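Good morning, colleagues. Please look at the sequence and the structure as I bring them up, and I shall then take you through the strands, the core, the charged pairs and one surface patch.

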Amino acid sequence: MAALEKHHSTFGYSLQDLNGISHALCTHHISIDPNIPPSREPQRRLNNPMREVVKTEVLKLLHAGIIYVVPHSEWVSHVQVVPKKGGMTIVQNEKNELRIITGWQMYIDYRKLNKATKKDQFPLPFIDEMLERLANHSFFCFLDGYSRYHQIPIHPDDQSKTTFTCPYGIYAYRTMSLIWVM
């Protein structure tokens, strides 16, 4: 316990506390197939509860410096609000059926960007191979689950490709996000 108290400044308790990975160490590039034209998706209409979810998420990301206002971009995606796991709310759909909703999560529909992105030659490793490599080791390093991938910076030339539109403006990410719709 004394060691944790001694190094309490090492831990992040909010998005603002997380410094992320150095740009010199790791920067994410988004390589686009030059034969695919950019896509500008129009903003989608959201009902009031969903607008509040988007507003809360956008304000949180703006305050943490993870996103920034963009005046113009060739690539623009739209936001979607979908049910998430955890918590429960009962809602009635158009057919008067009751449905259990577990809260809402804002996602950005990057399907067109993902389709235009050149695929890399590095497939994800098999989980069993990863576990075998980790076996018998005492210390591990991992990306912080609280901040998702917000620790990996996006190269400044590629940030505009992450632009999204919502009722509160047009924004782009400075860092990778795990809330991308594939």
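In strand S7, Tyr173 is the bridge partner of Ile67. That pair belongs to the antiparallel pairing of strand S1 (residues 67-69) with strand S7 (residues 169-173), which runs over three bridges. Two strands are said to pair here if DSSP finds at least two bridges between them. Helices (H or I, at least four residues) and strands (E, at least two) are DSSP runs, numbered from the N terminus.

What you see is a predicted model, in which local features need pLDDT of at least 70 and side-chain atom pairs count only at pLDDT 80 or more, while totals for chains, interfaces and linings use all residues. Residues are numbered from 1 along each chain as its sequence is written, and side-chain values use heavy atoms, with hydrogens and water left out.

Let me continue with the strands. S7 also runs antiparallel to S6, and three bridges join them. Here Cys166 stands opposite Gly169, and a hairpin of two residues links S6 to S7. On to S2: strand S2 (residues 77-83) pairs with strand S6 (residues 164-166) in the parallel sense, over two bridges. His78 faces Thr165 of S6 as its opposite residue. With strand S5 (residues 104-109), S2 pairs in the antiparallel sense over five bridges, and Gln80 stands opposite Tyr107 there.

Which residues have the most contacts inside the largest nonpolar core? They are Val54, Val58, Ile67, Val79, Phe164, Cys166 and Tyr173, in a core of 25 residues. The elements giving two or more residues to this core are helix H2 (48-64), S2, S5, helix H3 (111-116), S6 and S7. H2 gives the most, with five residues. By a nonpolar core I mean a set of buried Ala, Val, Leu, Ile, Met, Phe, Trp, Tyr and Cys residues joined through side-chain atoms within 4.5 Å. Buried means under 20% relative accessible area, exposed over 50%, and partly exposed in between (1.4 Å probe, protein chains only).

Consider Phe164 in particular. Leaving aside residues up to four places away in sequence, Phe164 touches several residues, including Val58, Ile67, Val79, Ile108 and Tyr173. Contact here means heavy atoms within 4.5 Å.

I turn now to charge. Side chains of opposite charge can pair when their charged atoms come close. A salt bridge is a side-chain nitrogen of Lys or Arg within 4 Å of a carboxyl oxygen of Asp or Glu, and by this rule there are six salt bridges. One of them joins Glu57 to Lys60 (3.3 Å, N to O). Because these two residues are three apart in helix H2, about one helical turn separates Glu57 from Lys60. Glu57 is buried at 10% relative accessibility, whereas Lys60 is partly exposed at 36%.

Arg111 and Asp109 form another salt bridge (2.6 Å, N to O). Asp109 counts as buried, at 7% relative accessibility, and Arg111 as partly exposed, at 45%. Elsewhere, salt bridges that share partners connect Glu41, Arg44 and Lys112 in one network.

Thank you for your attention.
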